[in-house]
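Please walk me through this protein model. I would like its cores, charge pairs and cavities in brief.

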Amino acid sequence: MRPEEFGAISGNLNPTFDSGPALNEFFAHCATHRVNDADISGDWYTRRPIVIGGAERAAETRAYRCGWCCITAFGGFSGPVVTIKNSPNTIFTGHLQVKGGRKSGGPPLPDASRWQDRANSEAIVVGDGCSSPHFDMVNCQHAVRDGFRHTPPACNGVVSILKCHDCGVSGRDASNKVTSTITAAVNLNEAIHKNNPNQLAELTFDQIPSALNDEDYALIGGNIHAVMQVDPTANKVKVYPWVTITTNPPMEGQTVEWIIGGGLVESVGDTSGWRFDQVYGVRVAATLKTRAHYPGSYGVCSAASAYANVVIGHPPNDYCFGGNIDVLYTEDGVPIKVLVTTTTDRGFEFNISSTGPSLDLNRWHLLFFNEGKGQRLVRMPITAHVNGHIYGPVEGVGNVLGGEVSLRPVPSVVLTGESDSYTVNLKATPGAADKFGLNSLLIHAFSDKHPPGRAPQGTWKFNPEPGFTVNNKAEDEFTGFTKPGFFVCILDRTSKNWFVYDANR
């Protein structure tokens, strides 16, 4: 069965015909009848939203043959182009392409469309009653906000390839930035919310974009802030964390860039059963933006001509457990590789298995409460493999130097300690050499009080556990730093001696 049987006309035969009513009749029939060969291949144009799935209960048809199906909006509505609901265990084979329309109506938008010209909020929304859908290839284009958005309780599914182009605000050049001008700024409740995740700053603007909501972000004075509340009537926006109130130049008159929408967007809830093998974002706000408590698995996440590659967490302090990215590839022009937006004490776990050859960690960011005097430099609560080194979370078995350090089951762990003086207690992990071939660890030591060189100003001591020595002594220490220390610690198990030296000297 094909949509033509309900009156649709493929665009290559009549590119101005509105097939929207016929498409909705076709999908309504598929919802109430089992159609064994639902063929939706073709170019379809619509002036109204398309709904796939049952109205009140699960659809009867569980498979659609897309071939190459392209659904294009061309004026008349502003919401999602395609909504999929009440479609459990449904397979979309082939290539499903959905394009948002032009705000003023008229012909389809070209590649690299301007955000200001787009009409539709999302390309595809997967919503209620959609457990375990399967998509071969999905291509989403020209969305005001999100390319592919799935919401609870659609907690599991598979997408082999997802490509999102021109979704949200990419900021790729001056003509693709969305800005407002600050007319007033205040950090609220300064007496009680200093260094507190409840802190908010209230900003008043000359105008704010109508699409802005509390899932978006702002660049203010080079710092990233989460949009927490929007009052479009008063042109007021509350952001987290506090802003740095400046007088020279004054806050009034400063320009704010809005980071609106994204490519693949996940809202709060459990999305742990979702698997995206490849996610590509080109000219998007962010390739992946997940606020899920339990994120899914993502094979390749690639970003080009975007503000960010990956945005993780629900600000300011919601929990997040279990997400994983196999390969994170970020073009040089993308200013934010990874943005973690939460500092929760309830738990945070996220793993990035490979980030490619780049060692530029300056493009990794964490939103953190502050004193209103500039955003704090804090460590990422994420485990990432960067050019052979592992950078771990704030607590636990990651890269923050604790009171006792030991050999780890990865040969290139880099531990980081921010202190002028420190005592390192070395421990020989039983089985580390025999099971994993390990006999060394690395420690990066720098001052937390003396930028810009960050050379420690005191003494770093190294103590072994009982029965072991350091440089053939009971303990050893290092002073007189002129640059950050980079300690190499090698264990000779035969002599039970740690060889420790500063490779930066």
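## Basis of the model

This is a predicted model: local features need pLDDT of at least 70, side-chain atom pairs count only at pLDDT 80 or more, and totals for chains, interfaces and linings use all residues. Residues are numbered from 1 along each chain as its sequence is written, and side-chain values use heavy atoms, with hydrogens and water left out.

## Nonpolar cores

The largest nonpolar core holds 100 residues. Ile124, Phe148, Leu162 and Trp258 have the most contacts inside it. A second, separate core has 19 residues, among them Val424, Ile443, Ala445 and Ala455.

A nonpolar core here is a set of buried Ala, Val, Leu, Ile, Met, Phe, Trp, Tyr and Cys residues joined through side-chain atoms within 4.5 Å. Buried means under 20% relative accessible area, exposed means over 50%, and partly exposed lies in between (1.4 Å probe, protein chains only).

## Salt bridges

The whole structure contains 19 salt bridges. The criterion is a side-chain nitrogen of Lys or Arg within 4 Å of a carboxyl oxygen of Asp or Glu. Strands (E, at least two residues) are DSSP runs, numbered from the N terminus.

Asp173 and Arg172 also pair through their side chains, at 3.5 Å from N to O. Asp173 is partly exposed at 30% relative accessibility, and Arg172 is partly exposed at 33%. Lys177 and Glu257 meet in a salt bridge of 3.5 Å, N to O. Lys177 is partly exposed, at 28% relative accessibility. Elsewhere, Arg2, Glu4, Asp37, Asp39 and Arg65 are linked in a network of salt bridges.

## Cavities

How many cavities of 30 Å³ or more does a search of the whole structure find? There are two. Strands β19 (286–290), β21 (308–312) and β23 (336–340) each supply at least two lining residues.

A cavity is a set of points, on a 1 Å grid over the protein atoms alone, where a 1.4 Å probe fits but cannot get out; lining residues have an atom within 4 Å of a point. Volume is the space filled by probe spheres set on the points, with grid points joined across faces, edges and corners.

## Surface patch

Ile490, Phe499 and Tyr501 form a nonpolar patch on the surface, with about 260 Å² of accessible area together. Tyr501 lies in strand β36 (residues 497–502). Tyr501 is partly exposed, with a relative accessible area of 41%.

Patch residues have over 30% relative accessible area and no salt bridge; nonpolar side chains (Val, Leu, Ile, Met, Phe, Trp, Tyr) are joined within 5 Å, like charges within 9 Å. Areas come from the Shrake-Rupley method with a 1.4 Å probe, and for residues only the protein chains shown count as cover.

## Two single residues

Cys489 is in strand β35 (residues 485–492). Cys489 is buried, with a relative accessible area of 0%. The C-alpha atoms of Cys489 and Leu426 are separated by 8.9 Å, though these residues are 63 apart along the chain.

Gly67 lies in strand β4 (residues 63–73). Gly67 is partly exposed, at 42% relative accessible area. Gly67 and Ile40 are 27 residues apart in sequence and 7.4 Å apart in space, C-alpha to C-alpha.

Notes
Helices (H or I, at least four residues) and strands (E, at least two) are DSSP runs, numbered from the N terminus. On a 1 Å grid over the protein atoms alone, a cavity is a set of points where a 1.4 Å probe fits but cannot get out, and a pocket is an open set with protein on both sides within 12 Å along at least five of seven lines; lining residues have an atom within 4 Å of a point.
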